[in-house]
Amino acid sequence: DAVDVLAASFMEAMTDTNYETLIQQEVFDPLGLEGCILGPTTLDPSIPPVQPWGHQAGPWGVYNIPMTPGPMAYETSTYAPYNGISCNRESLRTVLDACLYKDTSFLTADSWEKIFTPNTDGLSLGFECNPYDYEYGCYGNRAFYAATQDPSDPFSAVLAVFPESMGAMVILTNTNLQDGMRQKLARDMVIYDYIAQILGIEDEG
């Protein structure tokens, strides 16, 4: 959103370096994320596709139209700090591993502590804490989320880290899932069942 875009502008102004270079130097290179780029996965409209195409779905999935890759198929580059980063599964796994093991070669122990210490609203630096463990909330066996789920974005990702249980999850979709879609219902069921299992929460129906 606008906050991410504004923060990126501040970083560019203070470092006299563009955002693409900054994220490469400060994130991609230190973590070895060879499968991450700034921008869409492809602009190549070839058939068969070289990368999965995005789709635009309407309410209840009445339509689900493939978006032909190209310069006009995605958001303006201005919004790249918010939803313009593309990563493959292996790179996302590397990111989640760094979060789980709090890799001090990437961030200081103090920085990791800030990331996994939510405020009273359940928000921390980059994550949102969901208190699935209602007995202890965000101070017990916790689930931290980071999600990109813009209603109009054909691609989205859900990342989750369970620091006490030493588990993680990533779900990638290539359509803007809408309420009433079977795909959204299935995704939500998978998310809930996995979280309940890894946190040891019994489903009472």
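Which side chain meets that of Arg187 in a salt bridge? In this predicted model, the partner is Asp188, with a nitrogen-to-oxygen distance of 3.0 Å. The paragraphs below begin with this pair, then turn to another salt bridge and finally to the cysteines.

The side chain of Asp188 also meets that of Lys184 in a salt bridge, again described by an N to O distance of 3.0 Å. Asp188 and Lys184 both belong to helix H6, which covers residues 182–199. They stand 4 residues apart, which is about one turn of the helix. The surroundings of these residues can be described by their relative accessibility. Asp188 has a value of 29% and counts as partly exposed. Lys184, at 18%, counts as buried, because buried means under 20% relative accessible area. Arg187 likewise counts as buried, with a relative accessibility of 13%. Through salt bridges that share partners, Asp179, Lys184, Arg187 and Asp188 are joined into one network.

The whole structure contains 4 salt bridges according to the search. One of them links the side chains of Lys114 and Asp110, at 3.6 Å from N to O. How are these two residues placed along their helix? Lys114 and Asp110 lie 4 residues apart in helix H5, which spans residues 109–115, so about one helical turn separates them. Lys114 is partly exposed, with a relative accessible area of 48%. Asp110 also counts as partly exposed, at 49% relative accessibility.

A disulfide is a covalent bond between the sulfur atoms of two cysteines. The count for this structure is 1 disulfide. It is formed by Cys36 and Cys87, whose sulfur atoms are 2.1 Å apart.

Cys36 is buried, with a relative accessible area of 5%, whereas Cys87 counts as partly exposed at 23%. A further cysteine, Cys99, is buried, with a relative accessible area of 8%.

Definitions and conventions:
Residues are numbered from 1 along each chain as its sequence is written. This is a predicted model: local features need pLDDT of at least 70, side-chain atom pairs count only at pLDDT 80 or more; totals for chains, interfaces and linings use all residues. Side-chain values use heavy atoms; hydrogens and water are left out. A disulfide is a pair of cysteine sulfur atoms within 2.5 Å. Buried means under 20% relative accessible area, exposed over 50%, partly exposed in between (1.4 Å probe, protein chains only).
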